[in-house]
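Q: Got a model open here and I'd like to go through it with you. Can we start with single residues and then zoom out?

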Amino acid sequence: MIQKFLILAAGASAIAFAFPSAFQEYRDRVASAQNAEAVDPAPAVVKAATTPTYAGRVAQLQADSDGHFRTEARLNGRPIAVLVDTGATYVSMSETTARRLGLQIRSDAFRFKAQTANGETAVALATLDRVTIGQVDVRDVEALVTKGDVMPTTLLGMSFLSKLKRFDVEDGRLSLVE
């Protein structure tokens with residue numbers, strides 16, 4: 001099941017590069033489904049660094065019943081519920097969440113446009129000082145901030161995941177290795 005999900009995710013990523021509008025439609029449907037079901041994030045399950053297959057600090061997340069990986073991360077030291085999204089280019093959040101994290105976003109910084117489940121919205125780029133899940137701690141992570149509160153869920157995208165040594169899914173667990 002998870003292997004099929006990974007193959008699907010890899011295929012969707014490839015399509016996203018070639019056909020961004022098709023991928024955006026998929027993300028819009030996923031975001032709509034997330035709006036319909038509020039789920040408390042599962043805590044990160046931290047696995048000991050002595051695991052022979054992983055070298056470095058490791059955090060493991062258990063998939064929800066819907067197959068998604070949700071957890072509580074610490075963004076700039078503050079706890080925030082996140083959804084891991086390999087299809088998201090950036091860590092993405094609402095303007096309200098960004099302000100809670102201490103990000104100072106000027107109104108003229110919202111000069112870019114992005115398509116969301118609620119339609120097109122203005123977005124700004126920012127940088128998070130650190131993103132932490134369990135023992136995994138990544139610094140200087142780019143983030144996308146949506147104008148207003150059109151982004152109900154904070155997405156943990158590739159701007160975080162690509163800074164890891166590796167991440168993979170096996171037996172319903174996502175392993176993040178720093």
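Q: Is Ser-94 buried or exposed?
A: Ser-94 is buried, because its relative accessibility is 5%. Buried means under 20% relative accessible area, exposed over 50%, and partly exposed in between, with a 1.4 Å probe and protein chains only. Keep in mind that this is a predicted model: local features need pLDDT of at least 70, side-chain atom pairs count only at pLDDT 80 or more, and totals for chains, interfaces and linings use all residues. Residues are numbered from 1 along each chain as its sequence is written, and side-chain values use heavy atoms, with hydrogens and water left out.

Q: Which element holds Ser-94?
A: Strand E4, residues 91-94. Helices (H or I, at least four residues) and strands (E, at least two) are DSSP runs, numbered from the N terminus.

Q: What does Ser-94 contact, leaving aside neighbours within four places in sequence?
A: Val-145, Thr-146, Gly-148, Asp-149 and Met-151. Contact means heavy atoms within 4.5 Å.

Q: And which side chain makes a polar contact with the side chain of Ser-94?
A: That of Thr-97, at 3.1 Å. A polar contact is a pair of N or O atoms within 3.5 Å; within protein, one must be able to donate a hydrogen and the other to accept it, and residues adjacent in sequence count only if both atoms are side-chain atoms.

Q: Next one. Where is Pro-152?
A: In the loop between strand E7 (136-146) and strand E8 (154-156).

Q: Why does Pro-152 count as exposed?
A: Because its relative accessible area is 56%. The C-alpha atom of Pro-152 is separated by 10.0 Å from that of Thr-96, and the two residues are 56 apart along the chain.

Q: What about Asn-76, where is that?
A: In the loop between E2 and strand E3 (78-84). Asn-76 counts as buried, at 16% relative accessibility.

Q: Which backbone oxygen does the Asn-76 side chain reach?
A: The one of Leu-101, at 3.3 Å. Asn-76 also touches Leu-103, Leu-128, Asp-129 and Arg-130, not counting residues up to four places away in sequence.

Q: Thr-71: buried or exposed?
A: Buried, at 0% relative accessibility. Thr-71 lies in strand E2, residues 70-75. Thr-71 and Leu-83 are 6.7 Å apart, C-alpha to C-alpha, and 12 residues apart in sequence.

Q: Let's switch to sheets. What is the strand order in the open sheet of 3 strands?
A: E1-E10-E9, with antiparallel pairing. Strands E1 (58-62) and E9 (166-170) stand at the edges with a single partner strand each, so one side of each has no neighbour in the sheet. Two strands pair if DSSP finds at least two bridges between them.

Q: How many bridges join E9 and E10?
A: 5, in the antiparallel sense, with E10 covering residues 173-177. Val-169 stands opposite Leu-174 in E10.

Q: Zooming out, how many helices and strands are in the chain?
A: 4 helices and 10 strands. From the N terminus the elements run α-α-β-β-β-β-α-β-β-β-β-α-β-β.

Q: How much of the chain is buried?
A: 44% of the 178 residues.

Q: What share of the contacts with a separation of 6 or more links residues 24 or more positions apart?
A: 62%.

Q: Last one. What is the accessible surface of the chain?
A: About 9700 Å², and 54% of that belongs to carbon and sulfur atoms. Accessible areas come from the Shrake-Rupley method with a 1.4 Å probe; for residues, only the protein chains shown count as cover.
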